Amino acid sequence: MNKQETYAFLRSRLGDFEVTEHPAVFNMAEVAEIELPYPEVDAKNLFVRDDKRRNYYLITVMGHKRVNLKDFRKAQGLRALSLASDEDLMQFLCLIEKIPPQTFEFIRETRRGELQKSTTTNLQCAKLAVL
């Protein structure tokens with residue numbers, strides 16, 4: 001799935017949305033250096049895995065929030081969590097090698113501070129890479 005196909009897929013599910021492209025950043029200090037259209041609602045993504053390396057999660061929260069993985073995993077009924085390695089991330093993004101379809105749980109924080117969880121099965125690696 002290329003970028004335009006991904007946008008079409010998202011429009012079919014979400015309606016209109018706005019895209020802001022920027023260079024890759026690896027911490028919130030680097031985000032602060034980028035001119036973003038809505039800096040008050042910046043977000044960060046944490047790619048985490050369970051202790052058995054069987055399940056991987058992408059947690060998205062507001063940029064100023066801190067995430068206590070121990071509290072988070074207890075609240076969600078998950079196994080012990082830790083940040084996934086760079087190698088794990090690269091595999092999931094298909095930059096090193098192809099991997100079979102996986103099941104992902106996406107957990108995001110709403111504007112009211114509530115956590116929403118959705119499960120996507122058979123998400124192709126290429127789709128995740130574009131998203």
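Visitor: Helices (H or I, at least four residues) and strands (E, at least two) are DSSP runs, numbered from the N terminus; in what order do the elements of the chain run?

Guide: From the N terminus on, the order is α-α-β-β-α-β-α-β-β-α, which comes to five helices and five strands. This is a predicted model, where local features need pLDDT of at least 70 and side-chain atom pairs count only at pLDDT 80 or more, while totals for chains, interfaces and linings use all residues. Residues are numbered from 1 along each chain as its sequence is written, and side-chain values use heavy atoms, with hydrogens and water left out.

Visitor: OK, aromatics: how many pairs does the structure hold?

Guide: It holds two aromatic pairs, counted when ring centres of Phe, Tyr or Trp (its six-membered ring) lie within 6.5 Å, with planes under 30 degrees apart called stacked, over 60 edge-to-face and the rest tilted. The rings of tyrosine 7 and phenylalanine 17 have centres 6.0 Å apart and planes at 65°, so this pair is edge-to-face.

Visitor: And where do tyrosine 7 and phenylalanine 17 sit?

Guide: Tyrosine 7 belongs to helix α1 (residues 3–14), and phenylalanine 17, ten residues apart from it, lies in the loop between α1 and α2 (28–32). Phenylalanine 47 and tyrosine 56 form a stacked pair, 5.6 Å centre to centre with 20° between the planes.

Visitor: Is phenylalanine 47 buried or exposed?

Guide: Phenylalanine 47 is buried, with a relative accessible area of 13%, because buried means under 20%, exposed over 50% and partly exposed in between (1.4 Å probe, protein chains only). Tyrosine 56 is also buried, at 10%.
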